[in-house]
Amino acid sequence: MLLFALILLPILGALAVAVMPGTASRPLAMLTTLASLALAVYAAATFDRAAGGTAQFAASVDWLPILGLKLSVGADGVAMMLILLTALLGPICVASSATAIGQGDRPRVYYAWLLVLQAAMTGVFAAQDLILFYICFEFTLIPMYILISLYGSTNRKRAAIKFFLYTFAGSVVALAGLVYIAHAHAAKPGQSWTFDIDTLATTARGLSLSTQGWLLLALMAGFAVKVPLFPVHTWLPLAHTEAPTAGSVILAGVLLKLGTYAIYRLVLPVVPAAVLEYAPLLAVLCIVGIIYGGLICWVQTDVKKLVAYSSVAHLGFCMLGMFALNNTGVSGSVLYMINHGLSTGALFLLIGMIYERYHTRDMKQLGGLASKMPVWSTFMVFFTLASVGLPGLNGFVSEFMCMLGAFQSSSAWGSGLWHSVGNRPVGATPGSLGPWFAVIAGTGVIIAAMYLLYMVGSVVWGKLKEPHGHHHDGAHHHAALPRDLSPREIGVLLPLAVLCLLLGVYPKALLMFTEPSVTQTLARVQAGTTTGTLAAGEVAR
Amino acid sequence: MSERLAFLRPEILLFVATCLVMVVGLSKTYATRRLTSGIAGLALLGAFYLSIATTPSLTSAACPISGKVFSEPVSAASGQLLLPAMVPFMKATIAAVGLLLLLVQAGTVDRAEEAAIAAGKRTFDPLRTNRAEYYAFFLFSLTGLMLCASADSLIWLFLALELTSLPTYIMVAISTARNRGREAGVKYFFLGALGAAVFLYGFALIYGGTGQTNLNQIALAIRGNGLSTITLAGVMISLIGLGFKIAAVPMHFYTPDVYEGAAPQVSGFLAFVPKTAGFIAILLLCAMVGWNYAPPGADEPSALTGVITQSPWGTSLPEPVSLLLWVMAALTMTVGNVLALLQSSVKRVLAYSSIAHSGYMLVGVVAGPNTQASNELPSFASAFTRSGVSAVLFYLLCYGVMNLGAFAVLAAVERTPGADGEAREVDKFEDIRGLCRRDPVMGWCMVLCALSLLGLPPLLGFFGKLPLFTSGIAAGQVALVVILGLNSAIAAFYYLRLAFAPFLESPEEHVERTVPAPYATRRWAAVLSAASVVALAIFGSVLMREAARASTVQRIAPADVRTPASVRLEAGGSASTPPARHSSLLP
């Protein structure tokens, strides 16, 4: 029931916001998100970490039983952490919108849809039913579309429609794949039609390798767009750049994680043999994303666009770890999901603060802000370093684990198939990547350091540059904003900074939640790969 | 005969109401004339009740036209239904959606005339008013639609289809005072006649190939003697001709012009009534030629009679028919959606989207009924997810409701009258911009219905589409399902425009304001549709179960098939050519 409450609370809050006058919107939204956060923290505190591999707080209500559809929720360790992240970003988004969304900007619409979005995202992570998962997955599009197209910057209409069409087109193909999985399960003797994720994850495997390959293609069509992986990433920079600050934070913080989470939850256990087979290909896409995304960042002059493209590169690392298919890699990948949400979310908040003051994000017009805005600059440097992967901050741990996982994933010494890997060097684990993947991806770290530090160097340090015609007492300046950060803005950033530091020095705080879940997923992958390759062998014969 | 008439009680009730409406609508006093719509509404309610009330008799042995269809010797006197359980479901659906349609029709005709009479400028003149005719045609068309569902022979089917369509030609023409409406009516009539000619030709070929007009006898003849080329050609030509009714490629081209020319409430009528008739006919033809055979392995060729008791294609359609439907489905969805992208008129968008939705439903037809022989499951759960037929039946209901909602909004909002005082309908996207702020109820109805048409979860449209996905995949039509998915994505582009023009966009300065139409029932229809779009997504299980039950296909079990000779004999000693002479296409 706890998870139902976590989903329902924002919806009730949204309804309250919708019926109350606009002046009450923000306090109501704040109240709702804080209550959700408290609930989520309570859930995490009572979470049984030792049994983190199984869905906890499970609850189920029948809904359209004739379709085999249930409102069935539960959370394992990974889902719990992502729910917590979602709940954490809720109040931060509301607080950060205080001056950006005025009374003339239809605040009821803004806050109501922000809350609906939070409910839908929580629903994705909590869903134990495939169709419920898909419903929530798809429904996140509507609030985000509204937030971008009503509250975005100049090019918002195009960004919103591109965002919607890309992800919608991908996910309907994924739906076909998901339905096929349910069908393949139901076609087995003694099995009935069900959409229960756990059942499907354990029993739908054993399909022939070619079927799994097509399924992988269909599922990745939906989820890779969301992540986004390299060739289908083009909606992301536009959507990020045009979205309002809170929209960007949610987009980077949670929405992208829906894709990675779906891959972790559905793709790995259900089509393990195909993932193992095509992991090198997918990893190449990740690496192209890492390097290509990094190079594009380097030439950006729009700070927000730079951070947006950096997401492409970062998620490349995250997926590389996932496709390593070993404990280090997948754990790193899961850790990366959270860390990226914290540090990139914070960067978007910082850029939003600058934009509210200067109405520009152009690096050519901004520079040397350290002398004017020391507090902002401190946070900027801190979160940039977290994002770059400075040891001691959170980005380093996950990035390192992802690359280590890819390094140890041992195709370079084997045939690439799990059971036939022999004669492995010490430390190598089953998988189909290898050291070269890690080495090439490692250059991406250097590129990341270059563009992010270059950005910090030009915006924070150097000679003071402010946009032409900008006066502190002029009309351009937002009346409610001091020159440097206000206490509210510091309050928004501080929790994120603390978490970045905490997860940098003590990542185990998070890993102890996710470890059992990762172990279980990998066990399913292993079981599926063995049967999967056997089935493929039978087909070949 | 009287037993058979008892089965047709909903139709008879509607027919009586039609006659009554025709008389009452010509009354000189306004208060009496007004009763027409009330009578029509009561008749539809009664028909709804009777449709549901006839359900038990259908499954009982006492019912002359179903029951133990094949367990006793086939006689010409008792026609049998191939999809017997479809009848009550479809009739109830038709009556329910018909009630919604009736609400939208208020004030379609005679608006200026009645105003003039009320103002005392003119006296009542039966020649100048259309009220009686309009409501009579409305009921006639629905009667025809119900008759389609109970059709058991080609002739009956043809007459029912024409009874459905002929009134609509006139309804289109008289629905607006503008010439465009008349042009649309004439165009619709001529092209409709072409479509009717095509499928009538197909029916004739089927008769030529099998010597039978009764659908069951044809099914038996095909089963006994194989599918001759002429029969096959007849079936395929009929399907193409029926494509006119459902607005499927290549017979779709009239749709946008007719929908645009007619008043929105009539376009809404066209999007449901002829389409449903066409789908019922297609389902019957497919059941006749393919589905109604026992699953493969259930029966063996009888050694005694030498009759081929199992069709070579098992329980699926013959390959050419299946291929034809496949191509029609893929083309219809794609053409409809792509052309809808280019439109600037809301009604034309909805017209093209109506083409696309026919394509979606054809996927269900291609998938066919559940072949897993698990119809007996108490929950029908597996049956519903696997059966394309129930998916089509359920989707017809979903589409009827959500599409009607969109048209009802267009009918419930008008542009401010021009200089001549004539009300002008909303048509361009500019007209509905910012509707949520001017008229929140209608605006939100439009948002909900458009998002549901898009198939966005968790609205009704998604749950309509999901069984199409599941049944298509269960039938192995993965490629078609992927095309269906991609088409939904194309459709997202224009449905988003339709959904968010009222909500997110602000009206431009120079565009005229809109006012609510002075007919509250149109608003009720829109609200009811939008409410169903949400409510049925939550409580739709009952309807889905009924759809699953409705798609039960009569199987021809081996023991039921007599020798071809006996079949012909019992068919009344028809002098027609024995179909055995024709070469079987599929040996």
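Modeller: Let's start with Thr36(B), which lies in helix α4 of chain B, the helix that spans residues 35-53. Bear in mind throughout that this is a predicted model. Is Thr36(B) buried or exposed? Its relative accessibility is 0%, and because buried means under 20%, Thr36(B) counts as buried. The side chain of Thr36(B) has a polar partner there: a contact of 2.8 Å joins it to the side chain of Arg131(B). Leaving aside residues up to four places away in sequence, Thr36(B) touches Val21(B), Val24(B), Gly25(B), Arg131(B) and Tyr135(B).

Chain B has 587 residues, and buried ones make up 63% of them. Its secondary structure comprises 26 helices and three strands. Of the contacts in chain B with a separation of 6 or more, 80% are between residues 24 or more positions apart.

Most peptide bonds are trans. The bond that joins Val249(B) and Pro250(B) is cis, with omega about 10 degrees, and Pro250(B) sits in the loop between α12 (229-246) and α13 (255-261) of chain B. Another cis bond runs from Pro457(B) to Pro458(B), with omega near 5 degrees. Pro458(B) has its place in the loop between α21 (440-454) and α22 (460-474) of chain B.

Most residues other than glycine have a negative phi. Phe57(A) is not a glycine, yet its phi is positive, at about 55 degrees; this residue is found in strand β1 (residues 56-62) of chain A. Leu325(A) has a positive phi too, near 60 degrees. Leu325(A) lies in the loop between α13 (303-323) and α14 (327-358) of chain A, and with a relative accessible area of 2% it is buried.

Beyond residues up to four places away in sequence, Met403(A) touches Phe317(A), Ala438(A), Ala441(A), Gly442(A) and Val445(A).

How do α1 (residues 2-19) and α2 (residues 25-46) of chain A cross? Their axes come within 9 Å and cross at roughly 175 degrees, and α1(A) and α2(A) are therefore roughly antiparallel to each other. On the α1(A) side the contact includes Leu2(A), Leu6(A), Leu9(A) and Gly13(A), while α2(A) contributes residues including Leu28(A), Thr32(A), Leu39(A) and Tyr42(A). By type, the residues of this contact divide into 14 nonpolar, four polar and no charged.

Finally, a word on confidence. Chain A has a mean pLDDT of 86, and 91% of its residues reach 70 or more. In residues 412-425 of chain A, however, pLDDT stays under 50, and the model has 25 contacts beyond four places in sequence for that stretch. Residues 532-541 of chain A also stay under 50, with 10 such contacts in the model. Where pLDDT is low, the predicted coordinates should not be read in detail.

Conventions: Residues are numbered from 1 along each chain as its sequence is written. Chains are lettered from A and ligands numbered from 1 in the order in which they are written. Side-chain values use heavy atoms; hydrogens and water are left out. Axes are lines fitted to C-alpha atoms, for helices over the stretch in contact, and angles run from 0 to 180 degrees between N-to-C directions. Helices (H or I, at least four residues) and strands (E, at least two) are DSSP runs, numbered from the N terminus. Angles under 35 degrees count as roughly parallel, over 145 as roughly antiparallel, 65 to 115 as roughly perpendicular and the rest as oblique. Contact means heavy atoms within 4.5 Å. Ala, Val, Leu, Ile, Met, Phe, Trp, Tyr, Cys and Pro count as nonpolar, Asp, Glu, Lys and Arg as charged, and the others, Gly among them, as polar. pLDDT is the predictor's confidence in each residue, from 0 to 100. Buried means under 20% relative accessible area, exposed over 50%, partly exposed in between (1.4 Å probe, protein chains only). A polar contact is a pair of N or O atoms within 3.5 Å; within protein, one must be able to donate a hydrogen and the other to accept it, and residues adjacent in sequence count only if both atoms are side-chain atoms.
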